[in-house]
Amino acid sequence: MTDDIIVSGDDKKEQQVLNECLAREFEIKTLGRLKYFLGIEVAHSKKGIFISQQKYITDLLKETGKTACRPASTPVDPNIKLGSAEEDIVVDKEMYQRLVGRLIYLSHTRPDIAFAVSLVSQFMHQPKEAHLQAALRIVQYLKGTPGRGILFKRNKSVSLEAYTDADYAGLVVDRRSTTGYCTFLGGNLVTWKSKKQSVVARSSAEAEFRAMAQGICELLWLKIILEDLKIRWDESMRLYCDNKSAISIAHNRCSMIKLSISRLTDTLSRKNWTVA
């Protein structure tokens with residue numbers, strides 16, 4: 001059994017002290033500069049650090065028999081509407097879960113497949129042939145883009161930015177919307193997520209506003225991490241959204257209060273309660 005760890009920092013002496021402490025307690029082997037870690041490849045250059053999972057993708061293509069397949073131009077068909085597919089053929093549940101699990105791990109360095117992976121992961125309890133084909137399309141897309149990854153550039157700036165969006169009522173099964181956001185620290189992409197919203201939005205503005213709220217939470221979380229790392233950040237954080245109605249709600253406190261009351265009333269009505 002082996003356990004891999006990464007020791008990082010800007011103080012070489014402290015790193016050496018830590019390595020010596022670990023060596024006294026465990027049998028360790030220092031491999032030098034980080035190049036490969038748990039399927040993630042790390043390349044260093046003057047511009048910064050580039051991470052990718054090209055070998056992981058190659059192994060996935062071999063496992064799924066898609067080595068010689070024709071690459072897909074997008075990770076998901078823009079016109080597809082995945083539902084429960086009750087009348088479709090049932091596929092091997094364990095095989096499907098293993099495939100989607102590997103795709104989830106790949107999304108750690110491939111934000112471009114995040115939405116597609118979140119879509120197929122919603123049918124892991126009872127996968128059908130349509131769901132499997134959607135998952136295999138992601139593999140076909142990876143076939144044409146195996147070397148893509150994320151570049152972390154050297155940048156002294158610590159500006160915080162977030163971009164949010166929402167797919168209004170895009171899910172056929174329950175008509176819920178999908179939240180998507182990505183955050184940048186110093187111009188570098190650091191976090192991203194695509195997730196189904198917990199409730200049904202009654203308008204596209206509400207769906208977009210919920211996505212904005214998630215983006216703000218992520219920015220605040222990053223700010224707390226910077227404070228824990230003793231990095232002071234007093235400047236304003238930027239949040240970008242392309243929905244004018246949601247932006248207007250965010251600027252209008254009265255509208256925000258009305259929206260909160262509306263949500264509370266809906267919640268109470270579902271529980272058969274009343275507001276006096």
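Which residue in β2 is the bridge partner of tyrosine 36? I found glutamate 41 in that place.

Before going on, I noted that this is a predicted model, where local features need pLDDT of at least 70, side-chain atom pairs count only at pLDDT 80 or more, and totals for chains, interfaces and linings use all residues. Residues are numbered from 1 along each chain as its sequence is written, and side-chain values use heavy atoms, with hydrogens and water left out.

**Sheet.** I read helices (H or I, at least four residues) and strands (E, at least two) as DSSP runs, numbered from the N terminus. β1 pairs with β2 (residues 40–44) in the antiparallel sense over 2 bridges; pairing needs at least two bridges found by DSSP. The open sheet has 4 strands in the order β1-β2-β3-β4, with antiparallel pairing. β1 (36–37) and β4 (149–153) each have a single partner strand, so one side of each lacks a neighbour in the sheet.

**Rings.** I then looked up tyrosine 56 and tyrosine 105, which form a tilted aromatic pair, 5.3 Å centre to centre with 55 degrees between the planes. For Phe, Tyr and Trp (its six-membered ring), centres must lie within 6.5 Å; planes under 30 degrees apart are stacked, over 60 edge-to-face, and the rest tilted. Tyrosine 56 lies in helix α2 and tyrosine 105 in helix α3 (residues 93–106), so the pair ties together parts 49 residues apart in sequence.
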